[in-house]
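Please consult the sequence and the structure shown here while reading.

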Amino acid sequence: MMNQYLLPLAAVSALLLAGCASTNSDSCSCCSAPNGSAITKADFGKTLDGKKVDIYTLRNTNGVEARICNYGGLVVSLKCPDRNGHMGDVVLGYDNLDGYLTNSPYFGAMIGRYGNRIAKGHFYLNDVQYTLPINNGPNALHGGLKGFDKKVWRANVIQTGDGPALELKYRSKDGEEGYPGNLDVTAVYTLLPDNGLRLQYAATTDKDTVLNLTQHSYFNLAGQGDVLKHKVFIDSDKFTPVDATLIPTGEIRPLDGTPFDFRKPTEIGARIGTNDVQLKIGNGYDHNFVLKHKQGHLDVIARVSEPTTGRVLEVLSTEPGLQFYTGNFLDGTITGKGGQVYQFRNAFCMEPQHYPDSPNRPEFPTVLLKPGQTYHNTIIFRVTTEK
């Protein structure tokens, strides 16, 4: 159930009450912590309907920098050192808001109400059928035509004991994109002293609903080029095979003897071209891995290393599943930050979440959220280096 997650609502509320309010200036120092970490705020443009959008830069004392936008909760950049101390941006995206408004495959986005796919855009809840917009073949994907990634969130700079933090809030009204219930969501981004970017979600509803939130950063630990030499570990011994439209068949298949077994660190490119039906359907890896850890516990669920820079990404989560995606739909038609053209497999995504199509699969871990319960979900992306 959703009330199993890490932080109780009282703890989240205490963190938020301890914070300081954001300022209204276009460029300012919003919050300075005693250890020298800080947040600054700047104008990032306007949406197509004229809403003002801001970007917040979180810095820690190691020089690591995360830029977060209150449009879509976007992780616009994440700058981290390589093994020689040279800073580099490890996520794909755009230099300005316009690209995110007009042509973004969910770069850095906060995903909701439902991350991943729901078959044929409908599900039943309490004997009522709910119909969602179809936006991915015959299915509903990532919350609909205007999901959480396309909303302007209310932002406040807060200070926790763990470092500078940005709180984003949004109320998703009953019926928005077809989902039931007024849903109040809070997301807190914190840049930790150990170079982890932590995202904590909390949500409540006034009507039974389904909920599956995640974060959709596209990573490249080298900063550019393909990611085929990145070496991946995933703490999973099973995955959920999909049909031709990338909807789970319902089977939970052991990884033994398959190209999906990443229990031993393996290069992305080592088996991605294998003559395997599932890899052909996804045009590469685009699958949900069933995690071995106990749901609700914050554990390292995946680790990715890049040989030329020495950068290492550790992914921590409380969720039961991980969608691993290898940039199979990047095709050279997008020019992103610094004029980079994003080509096939120039990035990978690690999306901790519940399983795809869970509202239609009662045998999968539940995504039901009821009035009186509080949804909690914690994700950390921590970038370190190795020799």
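## Cavities and pockets

The largest cavity is lined by Val 75, Leu 78, Tyr 189, Leu 197, Arg 198, Leu 199, Gln 215, Ser 217, Phe 219, Ile 379 and Phe 381. The model is predicted: local features need pLDDT of at least 70, side-chain atom pairs count only at pLDDT 80 or more, and totals for chains, interfaces and linings use all residues. Residues are numbered from 1 along each chain as its sequence is written, and side-chain values use heavy atoms, with hydrogens and water left out.

Rolling a probe the size of a water molecule over the atoms shows where empty space is left. On a 1 Å grid over the protein atoms alone, a cavity is a set of points where a 1.4 Å probe fits but cannot get out, whereas a pocket is an open set with protein on both sides within 12 Å along at least five of seven lines; lining residues have an atom within 4 Å of a point. Points are joined across faces, edges and corners, and a volume is the space filled by probe spheres set on the points.

Four cavities of 30 Å³ or more are found in the whole structure. Strand 5 (74–81), strand 15 (196–205) and strand 30 (375–385) each contribute at least two residues to the lining of the largest cavity, and strand 15 gives the most, with three residues. Strands are DSSP runs (E, at least two residues), numbered from the N terminus.

The table sets out volumes and lining classes. Ala, Val, Leu, Ile, Met, Phe, Trp, Tyr, Cys and Pro count as nonpolar, Asp, Glu, Lys and Arg as charged, and the others, Gly among them, as polar.

| Space | Volume | Lining residues by class |
|---|---|---|
| Largest cavity | about 50 Å³ | eight nonpolar, two polar, one charged |
| Largest pocket | about 430 Å³ | nine nonpolar, 10 polar, five charged |
| Second largest pocket | about 300 Å³ | seven nonpolar, one polar, eight charged |

Of the 24 residues that line the largest pocket, Pro 105, Tyr 106, Leu 141, Tyr 218 and Phe 329 lie nearest its centre. The second largest pocket has 16 lining residues, and Lys 51, Lys 146, Lys 150, Lys 151 and Val 152 lie nearest its centre. Strand 13 (residues 163–172) gives the most to the lining of the second largest pocket, with three residues.

## Strand pairing

Two strands pair if DSSP finds at least two bridges between them. Strand 2 (residues 38–46) pairs with strand 3 in the antiparallel sense over eight bridges, and Ala 38 has Arg 59 in strand 3 as its bridge partner. Five residues separate the strands in this hairpin, where Gly 50 takes a positive phi near 90°.

Strand 3 is also joined to strand 4 (residues 65–69), by five antiparallel bridges. In the hairpin of strand 3 and strand 4, Gly 63 takes a positive phi near 90°. Six of the eight residues of strand 3 (residues 52–59) are buried, so this strand is largely enclosed by the rest of the structure. Buried means under 20% relative accessible area (1.4 Å probe, protein chains only).

An open antiparallel sheet has five strands in the order 20-19-22-25-28. Strand 20 (253–254) and strand 28 (349–353) stand at its edges with a single partner strand each, so one side of each is left without a neighbour in the sheet.

## Cysteines

The structure holds zero disulfides, a disulfide being a pair of cysteine sulfur atoms within 2.5 Å. The sulfur of Cys 349 is 16 Å from the closest cysteine sulfur, in Cys 80, too far for a bond. Cys 349 counts as buried, at 0% relative accessibility.

Notes
Helix = DSSP H or I, 4+ residues; strand = E, 2+ residues; numbered from the N terminus. Buried < 20%, exposed > 50% of the residue type's maximum accessible area, 1.4 Å probe, protein only.
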